[in-house]
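Student: Please show me how to read the features of a protein model. I would like to start with the aromatic rings.

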Amino acid sequence: MDLATFNESPDGAATGLLLSCCASRRFAAAVARGRPYPSLAAVNAAADAAFKELTWDDVSEAVAAHPRIGARATGQSAAEQSGVRPSDRAALAAANAEYEARFGHAFLICATGLSGTDMLAALKSRLANNPYTERALVTQELRKITADRVRKALDAA
């Protein structure tokens, strides 16, 4: 879908497209409500503004929709996690379990361009964070993922 089509789409279609980029209903509704946008930069600015208003519950809603790093993913997530080799999966699954036990939510990282080894190193490093720091990092990573997905969804790659 291009920007003009997005701008002219019914609310449900625009919200649905945004939910495929970030599964936070608050995020999708806020960005859809701001249409029409004159440019992709304006959509990105609206997305940034929406992210500033998200609560941790909103972020958690979006994180829950992501497959675990290293799990067999489909769709956008499969492409984003293409750097994970089959030999990485067991170590990532074990580290994911440790992370989830510590923080109570899935590990999230913008995986595009990262190898499984890179993701595992980041996961292990982030286990040392306190919950407040980790929530801030998860939100930051979700924003990166969302920006990339919005750009791709609006054919502006």
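**Aromatic rings and a helix**

Tutor: Tyr99, Phe103 and Phe107 are joined by ring pairs into a cluster. This is a predicted model, in which local features need pLDDT of at least 70 and side-chain atom pairs count only at pLDDT 80 or more, while totals for chains, interfaces and linings use all residues. Residues are numbered from 1 along each chain as its sequence is written, and side-chain values use heavy atoms, with hydrogens and water left out.

Student: How is a ring pair described?

Tutor: A pair of aromatic rings is described by the distance of the centres and the angle of the planes. Rings of Phe, Tyr and Trp (its six-membered ring) pair if their centres lie within 6.5 Å; planes under 30 degrees apart count as stacked, over 60 as edge-to-face and the rest as tilted. By this rule there are three aromatic pairs. Tyr99 and Phe103 have ring centres 4.7 Å apart and planes at 50°, so this pair is tilted. For Tyr99 and Phe107 the centres are 5.3 Å apart and the planes at 80°, so that pair is edge-to-face.

Student: Are Tyr99 and Phe103 buried or exposed?

Tutor: Both Tyr99 and Phe103 are buried (under 20% relative accessible area; exposed is over 50%, partly exposed in between, with a 1.4 Å probe and protein chains only). The relative accessible area is 0% for Tyr99 and 1% for Phe107.

Student: Where in the chain do Tyr99 and Phe103 lie?

Tutor: An α-helix has 3.6 residues a turn, so residues three or four places apart point the same way. Tyr99 and Phe103 both lie in helix H7 (residues 89-103), four residues apart, about one turn of the helix. Helices (H or I, at least four residues) are DSSP runs, numbered from the N terminus.

Note on methods: Helices (H or I, at least four residues) and strands (E, at least two) are DSSP runs, numbered from the N terminus.
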